[in-house]
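Me: I would like a close look at a single part of this model. Please keep the answer plain and connected.

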Amino acid sequence: MKKEYRLKNSDEIGSIVQKRQRVYSDLFTIYYQTNQSDTKIAVVAGKKIGNAVVRNYNKRTIREIVRPHIEDFNNIHAVIVTKEKAAQAPYLEKEQNLNKLINMMIERIKHEKKI
């Protein structure tokens, strides 16, 4: 994922999480917020997941899974939070789970815009 798509400001991440618009599963939670101008994504891995090596590996794999779907995130700011089970899950399971959540999020946003 290119750096221009990364959300780094902790205040913005906090405000997105605080609004509580989310989709979740056993492995991930995606908090999202529609935006007028750009697409930004943050990946968060807490200390319960493991040491720094494990957390960074999980963040890298999640960014790689999200990279092909970046065009689908039309003007959305999203925060992807990994859960403890994600550290032990194989890559294919992470990919399927995250793709399902991304599709759910996009469908919810489309539904909200129609109303």
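In what order do the 4 strands form the open sheet, and what is the pairing?

Reply: The model is a predicted one. Its open sheet is formed by 4 strands in the order E1-E2-E4-E3, with mixed pairing. Strand E1 (22-24) and strand E3 (40-45) stand at the edges; each has a single partner strand, so one side of each is left without a neighbour in the sheet. On average, neighbouring strands of this sheet are turned by 15° against each other, direction ignored.

At the E1 end, E1 and E2 pair in the antiparallel sense over 3 bridges. Arginine 22 has tyrosine 31 in E2 as its bridge partner.

Two helices pack on the sheet. Helix H1 (residues 10-19) touches E2, E3 and strand E4 (76-82), and the direction of H1 makes about 100° with that of E2. Helix H2 (residues 52-66) also packs on the sheet and touches E2, E3 and E4; the direction of H2 makes about 150° with that of E3.

Within E2 (residues 28-34), threonine 29 is a residue to look at. Threonine 29 has a relative accessible area of 8%, so it counts as buried, the cut-off being under 20%. Beyond its neighbours within four places in sequence, threonine 29 is in contact with Arg22, Val23 and Tyr24, and also with Val79, Ile80, Val81 and Lys83. Arg22, one of these contacts, is the arginine whose bridge partner in E2 is tyrosine 31.

Note on methods
Residues are numbered from 1 along each chain as its sequence is written. This is a predicted model: local features need pLDDT of at least 70, side-chain atom pairs count only at pLDDT 80 or more; totals for chains, interfaces and linings use all residues. Side-chain values use heavy atoms; hydrogens and water are left out. Buried means under 20% relative accessible area, exposed over 50%, partly exposed in between (1.4 Å probe, protein chains only). Contact means heavy atoms within 4.5 Å. Two strands pair if DSSP finds at least two bridges between them. Axes are lines fitted to C-alpha atoms, for helices over the stretch in contact, and angles run from 0 to 180 degrees between N-to-C directions.
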